[in-house]
Structure formats: structure tokens, C-alpha cells
Amino acid sequence: MAGWGRGRQRRTKALNDESEPAESITDGPRRPAGARRLRLRTVLIIMVIVPSVTFTPLLASGMSQLFTQWRAEKAQMDLATATAGRPAADLFFALDQERRLTAKVQANPGSAARERLAEQRAATDRAVRAFRPLATLNVAVAQEGLADAVSRTERDLGLLDQQRRAVDAGWSSGREAFDYYGGVLESDLSVLTALSNTDEGQVNTEAQTLVDLFWIIDMVGREDAILARGWETGRLTRTEYGLAAEAIGTRNHLMHARVLPALAGEETRYAKLTDGRAWQTMTAVEGRLTLAAGSSEGDQVRLRDDAAAWRSALEALTAQLRELLGLRFEHVSRIGYGHADMIFTVFVSISSVGLLALGLVVVTSWRLTAVLRRRILHLRHDAHEIQERLPDVVARLERGEDVDVDAEVRVIEPTGDELGELGQALNMARRSAVRTAVRQADQHRGFQRMLQRIARRTQILIGLQLKKLDELERRHEDPEVLEGLFDLDHLTARLRRYEENLVILGGGQPQRRWRRPVPLLDILRAAQSEVQDYRRISIDVEDEPWIAERAVGPLIHVLAELMENATAFSKPLTPVEVRAAPVSRGVAVEIEDRGLGMEPEQYEAVNALLQAPPQLDVMTHADDVRLGLYVVARLSASLGLQVELRSSAYGGTRVIVLLPEALVVDRPPAEPGPATLPEEVPQEAAAVQARPPHGDGALPARTRGRAMASVTAPAGSPDRGGAPASSGPRPLPRRVRQASLAEELRVPADPNDRGDQESWAVREQPGRSSAMIGAFQRQSRRRRTDDDAQTGPSGSAEPTSPTTEDR
């Protein structure tokens, strides 16, 4: 078995010992006879170059960036021109007019400007309502700072009604109203400034001029509000004059330094706006204001009555500034939307070209990959065929069929490229694998035959030895000699079981056969007799189940192996309990020891082994100390037994053997016994020998001596001192102390001794226990020998000599 465990080494050696040349493995030419195929290297190069040239990742990245930029600029221009820009501009002009009228009403409450103020407040309210939805805009693609500017303007507008009530009630001074409206207008201008900060640089530059125009209009409105109040009262304070002068300076700077130089296109007609009559009139009024401030003393600056000229010039100038503002707004919108449209055009062009290139890549790669895929799939199919055929070949070899290597190997047509070389390698691997499997199977079958032949020959010698021991036991009456002979008989029975293990592991079956059913109790005792430490085993059987004759021999072997494992893996003095009882699905036999047990993983591994016994690889476990489990697995599979190992409550192992209902039979009818007895049978044993047997499997009494008289005699026989035997079930066998000793060797009986009820596990006088087991075996064998003489040879599969017959 150790040599068989080196299967891998022999497989490697078989590959190295191949005597055929490599050229003989492939029968066809190296190059195909059909159309020329592209080499694998060429296909791979084409597949690498085409995607590299098309820059698929860069195309996707560029398309994503262009689309994102176009969407952002488009959304920003929509915000600047319509969504947010127009409501903010309308709010700006409405608040500017309301500021001027508020200042005029505060200076002269009884003037006619109060009606116009009410109308302007209504217009301002409409502008505020149009502006408020900007607070809920999605600012994900909006200009930076727009959300903050809108939020600040919204907070200032929340105080508008309060400011109006204060003005109407006279609680708010002119300066407070001026400051409030100025703050709201600055917040609104911050919204317009944020809208001009788009992602496109040219739009930002052009929109800056637009913002400057809004600031110029704001400066003019500030100055108008201050002067409107001054003309109603005829004077200005120094503070109000300072605010007006500051607005004049800021306006002139923005106009001359930033707006006029930036005019282009149709806007150039306003390049001489400062030279116009309205601008000149405005500056003349401002000049007279400056002279009045210089000539006035104290905190008051007296004004001339220039209100009509100022109003006429300011309305004309405001109209011109708003026209210029509209032209600049259209110019910025045209530039912004034009740039967004250009980005979209580039996006569409690049996407179209990229998709066309990508389609070319896909088509080219698909065609080339299809060619390569067909060839690779062909090789994979051949490899799968090897994977599927080799186990089938091995299974056929296990069944003993002959396999032709050349018929099992289909040669792959080689080609001149790398895939062709791979196919040639598969040819070599396939032939080598099949040839190695055949050689391994032949070696395995040869080893099994050799193992069975050696075991069979050894069994013949064991049978002859058992026959000789039987003759010696019948010849001698000396207790000491009998005790030694019974021990040898017990050892020989164990040796025969070990030889049967070799036969079973070699693929054979045990040759012990029974012609009639046997009680389960006798089977358990027979298994107990084949265990070395049998004295520790106690047997308890409920009812009297009988086992079919075909399962007697294998079941004895299985139970003996399990009992021996239980005694071997537990402490010497601990008992091993064997219990048997009928269950719903047959008969259950439990064997429980009190050893150390195993880990849960080990129980799972052993139960898996018992459920699926190994076949060819069992020899790889030759070093396993639990080799008997493989024998149990083989025999259990052949009988349909269910064997399971569990943890015992005592800390050891409990084995449950479930015998199916097909193996459990009814008690056979009684058969008549022999008409005469041998002459050497003593007179007191005549009744025992003459009685009818208890059915199939009943054990006859010994014909010499009285050592087993109480074991084989039925209840009520003279050996038991009772009434004559009945035809009922045979009771459990019991031995009689000192039955075979001479009269002078017997010791007085102990009144408290229960010799007829001594347990199997009692350790006193071990020689008598072995004597009883040996007698049990001898009488069983003798009875079967008599049956063979009456009924002829058994119907076993293999002819065997009488010396190999089981006990």
C-alpha cells in the first residue's frame, strides 16, 4: 500500500518515460491547408494601435468638459438676460424713482408729488414681486456670489414697507430715507455685478461697462434726490452738498474713464454724450451749485431756482443713458450666447467625429476579435473535451474496461502561429494524460489483484489454522490447554478480519456467507468475539430482531471494526456500551465509548467519509490510524447502512448504525434437527443435541465437555435444571463456572455468587470468558459444516474451501 501511495511520482515518471517522439503526436502538418490566418501577434498589435489612435478616453473626457461648459455658460446667460437680470434692472429703476419722489415729499408734504409717489410705490411693488422668486433659484451653475447678493437684497426689501410707513408718518428723516434707498440700490447693483461674472472672460469684460452704466445712473439718481429736496426748501446742508459733490465726481470718473472708451459698434454714437445739450445743462447747474457753496457761509448752502432746467436736462440724459444701457445689454447678450453656441457647435462636431472613430474601432475590433475568439473557443472546446473525457476514461478503467489510447485522443489540427503551438501542446497533454491514466489503472488493478491474491491465500491458511484449533479443542480437556487454545482461536478470528480488510480495500468482498437469517444478538456477539478487548463490551438488545443472511457477514465486520475503534480510543478500564433496538426505519445499533472524542470538524470529516467512501485514492490514506473507517464505509455503502459518529454525553464518541428495513426479516420457522447424536456425546447432553434448533442461525451445543452446556442449552433443559425446552425464543446464553473442571479442582461455591448471571464485562477469570467465546465460535462453525454436508455448497460468488468458511 505504501508503494501505491506514490501515484504522483509514478505519473511523473510515466510522462518522462514516453518513448514516442513528439512528431508522432500530431498527425497533420504544422500549417493549415486552407486560407492563411493572421498571426496572433499581428491581431494583438492591430487591437492595441486602433484604440490608441482614437484616444477614446480623451474623447470622452473632452466631450464631457465641452458639454459641461456649454451648459454652464448657457445657464449663466439665461440668468443674466432674463431670469435674474431683467427683474434686477426693473427693481433698480423703480427704487431710483421712488427715492427721488420720497425725498421731494419729505421736503414738501403738501406738494403734488405725493400722488406720483403712490403710483411709483405700486410700480416698485410689482418689481419686488418679480424679484422675489430669485431667492429660490438653483445656484449650482449660477455665477459666483449671486446667491449672497440676492439674499442681501431680499433682506433689505423686507424693510421697505416699514420705511414707507415711517416716511408717511414723518418718523423718518430725509437722511434716513436717503440712506435706506441707497443701501437697497447698492444691494441690487451687487446682484447685477454678480450676473456679469460669467465663465467667459470676454463676456465679463463687456459686462463691466454695463455695470458701470448702472452705477452712473445711480450716481445721477442720488444727486437728483438731494437736489429735489434742496429745491423744495431752497437750501442744502453741508452734508447734503458733500453727498451731491461725491456723486458728481464718481459719475464723471465712470463716464470719462470707463464707459466712453469702451463703446463699440452702434454705441459709438453716444461717444459725445458729454458734449450734448442735456449734459451741458446738467453740468452748468452743478457749476452754479458749486459757486453757491463757495459763497455761502455757515452750514447752509442756498440754491438758485434751477429746478425746471435740471429736470428737463436730467430726463433727457436719463433716456440717453438707458438707450446706451440697452445697446450694451444686447451687445453682451450677443457675445455670451454666441460663445455658448460656438462651444455647442464644437461639442457636436467633436462628438460626431469621435463617435464615428469609436464606431470604426468597435467594428474593427469586433471583426478581429471574432476571428481570434473562434480560434480560442475551438482550443477551449478541445481543452474541455479533455477535462470531460479523462474522468470518463478513468471511470471506465475503474469498471475494468479496456481503453484504446489512440481512439480516445482526437488530434487538434495545428497552425503556424502561437495558437497552433498551443493546440500541439494540448495534443501532447491529452495523449500523455490518457496514457498515464491507463497505465495507472493497470497498475492499480494489478496491485488490487495481487493484494486480494495474498489476502485469499492468507485466509486459506487462517481457515486451516481455525480447523486445526477446532480439532485440538475437541481433543483436549485440560482447562489450561483449552484456555490457551481459545486465546489462539480469538487471535486467529481477529487476524481473519484484518485479512478481510485487505480484500475489501483491494476492491473485493468478504467470502463469509450465511444461508439463513441470524438473530442480531448473535451478530453482535460474533462481532464482539473479534475485538481484542472484548471483556469491556456490554451488549443490550431489545426484542429479537433477525437479520437477512446476505448482510450477516458484512454487518459482523462493520460492527467489529466499530467496536474495536471504541475500545482502542478509550481508556482500558472504561466500558463500551452496545445497544440495539428497532426504530421506525429499521434497527438502530448504538456503540458508545467514554474516550476523549474528536473535534466537531473531525466528526464532519469522518461522517463525510462514511457517506461517500473513496475509491481509487484510498491507498493515499495508508498511514491513517483509522483505516477501519474506510472498510466500514465500503461495506456500509454496499449494504445501504447509515453510519454516523456523534459526540457522546460521556465525552467520548457514539456511533449510530441504522440497518434499513430491507435487512430486517422475520424469525424463520423452526427446522428439524439431526436424528442421531455422535457417540461421544455424554448422556446428560443428549437432550441438548436432540432438541430442534431455534431456527436459522441457532447455535448447536458442543459435543465434548460441558464448558458451553449452559450457553447452548435452552431454558428448562437438564443443564439448566428446569423443565424441558419449549419452542419459544432462545434466551441469552449464560456460562457455568467450573463446568469443565475435575471434581478435585473445583472450589466450594460462594453462596452470594451469581454464576448464571455473570456479566460479559467481569474481569475475574478471563480465561473462562475467552473459553466461552471460543466455544461459541467452534460450535457455530461446526453447525455450518453440518449444514454444508446436508444442503450442498453455498451460492457464493467465488468458490471457497471449507477452511475459509466463516464461523
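Ser636 touches Val558, Leu641 and Val643 when residues up to four places away in sequence are left aside, a contact being a pair of heavy atoms within 4.5 Å. The place of Ser636 is in helix H19, which covers residues 628–639. Helices (H or I, at least four residues) and strands (E, at least two) are DSSP runs numbered from the N terminus. With a relative accessible area of 3%, Ser636 is buried; the term buried denotes under 20% relative accessible area, exposed over 50%, and partly exposed the range in between (1.4 Å probe, protein chains only).

The model is predicted, so that local features need pLDDT of at least 70 and side-chain atom pairs count only at pLDDT 80 or more, whereas totals for chains, interfaces and linings use all residues. Residues are numbered from 1 along each chain as its sequence is written, and side-chain values use heavy atoms, with hydrogens and water left out.

Helix H9 comprises 33 residues, 201–233, and should span 48 Å at 1.5 Å a residue; the expected span is 1.5 Å times one less than the number of residues. The end C-alpha atoms of H9 are 49 Å apart, which agrees. H9 is mostly covered, as 24 of its 33 residues are buried. Just after H9, Gly234 adopts a positive phi of about 80 degrees.

In the protein as a whole, the secondary structure comes to 22 helices and 10 strands. Of the 807 residues, 46% are buried. Among contacts with a separation of 6 or more, 76% are between residues 24 or more positions apart. The accessible surface comes to about 41300 Å², and 55% of this surface belongs to carbon and sulfur atoms, as computed by the Shrake-Rupley method with a 1.4 Å probe.
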